[in-house]
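Thanks for asking me to look this one over. My notes are below as numbered points, to be read with the structure open beside them.

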Amino acid sequence: LPVASRVYAQILFDKDEREKGISVLKSAANEYNDPDALDQVGRILCYWKKETRREGLDYLRRASRLGKSDVNGLIGQILSPFSEFEYDHKDPKEAVHFLRLAIEDENDELEVEEEIEEKERKGEFPKIEEEEEDKDTPEDDEPRIEKEFEIDNERSVYQKELDKILASGI
């Protein structure tokens, strides 16, 4: 049911019925404690109006506690006194906590991808074969390279924000 609620909420957003969509997402988040609904409604509320940011951040924190780790960097940036995100209740200590979690998560994700690639190279488990025409083309590495760049870029942003807070002595 949470998935159906998220789909229905998206339909409402597409029809410019934002308040109804948010209400549906809040129901899924609160009734089912659905991490994806918590993440989605949290992000919407954080970016929608200044008055809804605190509530949005609460939803993002709940999503993080339920294992939705991709929200940690956003939470850290919102709470950082050095970010450009307008929020009246900046908290450097909590920002450091979430930024560190985000950096750890990105490192873990990259390590897992590297382990899988290494096992594929060693033949420890079969590599998933793609269609014949796509095999052995230089483009094969592009998605992996783009993903690594994306992870490095996110980690760099989080690390820079973390360094600013730590250097400030706050």
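1. Val3, Val7, Tyr8 and Ile11 make a nonpolar surface patch of about 370 Å². A patch of this kind is built from residues with over 30% relative accessible area and no salt bridge, nonpolar side chains (Val, Leu, Ile, Met, Phe, Trp, Tyr) being joined within 5 Å and like charges within 9 Å. Areas come from the Shrake-Rupley method with a 1.4 Å probe, and for residues only the protein chains shown count as cover. Val3 sits in helix H1 and is exposed at 53% relative accessibility. Here buried means under 20% relative accessible area, exposed means over 50%, and partly exposed lies in between (1.4 Å probe, protein chains only).

2. A word on what you are looking at: this is a predicted model, in which local features need pLDDT of at least 70 and side-chain atom pairs count only at pLDDT 80 or more, while totals for chains, interfaces and linings use all residues. Residues are numbered from 1 along each chain as its sequence is written, and side-chain values use heavy atoms, with hydrogens and water left out.

3. For the overall layout, the protein has 7 helices and 0 strands, giving the pattern α-α-α-α-α-α-α along the sequence. Helices (H or I, at least four residues) and strands (E, at least two) are DSSP runs, numbered from the N terminus. Of the 170 residues, 35% count as buried. The accessible surface comes to about 10,800 Å², with 48% of it belonging to carbon and sulfur atoms. Among contacts between residues at least 6 apart in sequence, 54% join residues at least 24 apart; contact means heavy atoms within 4.5 Å.

4. Which residues have the most contacts inside the largest nonpolar core? They are Val41, Leu57, Leu60, Ile75, Ile78 and Leu79, in a core of 34 residues. Elements giving two or more residues to this core include helix H1 (2-14), helix H4 (53-65) and helix H7 (142-168). Such a core is a set of buried Ala, Val, Leu, Ile, Met, Phe, Trp, Tyr and Cys residues joined through side-chain atoms within 4.5 Å. In soluble globular proteins, nonpolar side chains tend to be buried together.

5. Helix H5 deserves a look of its own. With 7 of its 8 residues buried, H5 is largely enclosed by the rest of the structure. The buried residues are Asn72, Gly73, Leu74, Ile75, Gly76, Ile78 and Leu79. Leaving aside neighbours within four places in sequence, Ile78 is in contact with Cys46, Leu57, Leu60, Ser83, Phe85, Tyr87 and Lys90.

6. Leu25, in helix H2, is buried with a relative accessible area of 0%. Beyond its neighbours within four places in sequence, Leu25 contacts Arg6, Ala9, Phe13, Ala37, Gln40, Val41 and Ile44.

7. Ser5 lies in helix H1 and is buried at 15% relative accessibility; not counting residues up to four places away in sequence, Ser5 touches Val24 and Ala28. Thr52 is in the loop between H3 and H4 and is buried, with a relative accessible area of 11%. A polar atom of the Thr52 side chain lies 2.5 Å from the backbone oxygen of Leu45.

8. How many salt bridges does a search of the whole structure find? The search gives 13, each being a side-chain nitrogen of Lys or Arg within 4 Å of a carboxyl oxygen of Asp or Glu. Arg6 and Asp36 meet in one of them (3.7 Å, N to O), linking helix H1 to helix H3 across 30 residues. Arg6 is buried at 17% relative accessible area, whereas Asp36 is partly exposed at 31%.

9. Lys26 pairs with Glu55, the closest N and O atoms being 2.9 Å apart; this connects helix H2 with helix H4, 29 residues apart. Lys68 and Asp39 form another salt bridge, at 4.0 Å between the closest N and O atoms. Lys68 lies in the loop between H4 and H5 and Asp39 in helix H3, so the pair ties together parts that are 29 residues apart in sequence. Both Lys68 and Asp39 are buried. Through shared partners, salt bridges join Arg6, Asp34, Asp36, Asp39, Arg43, Lys68 and Asp70 into one network.

Terms used
Polar contact = N/O pair within 3.5 Å; in protein donor to acceptor, adjacent residues only side chain to side chain.
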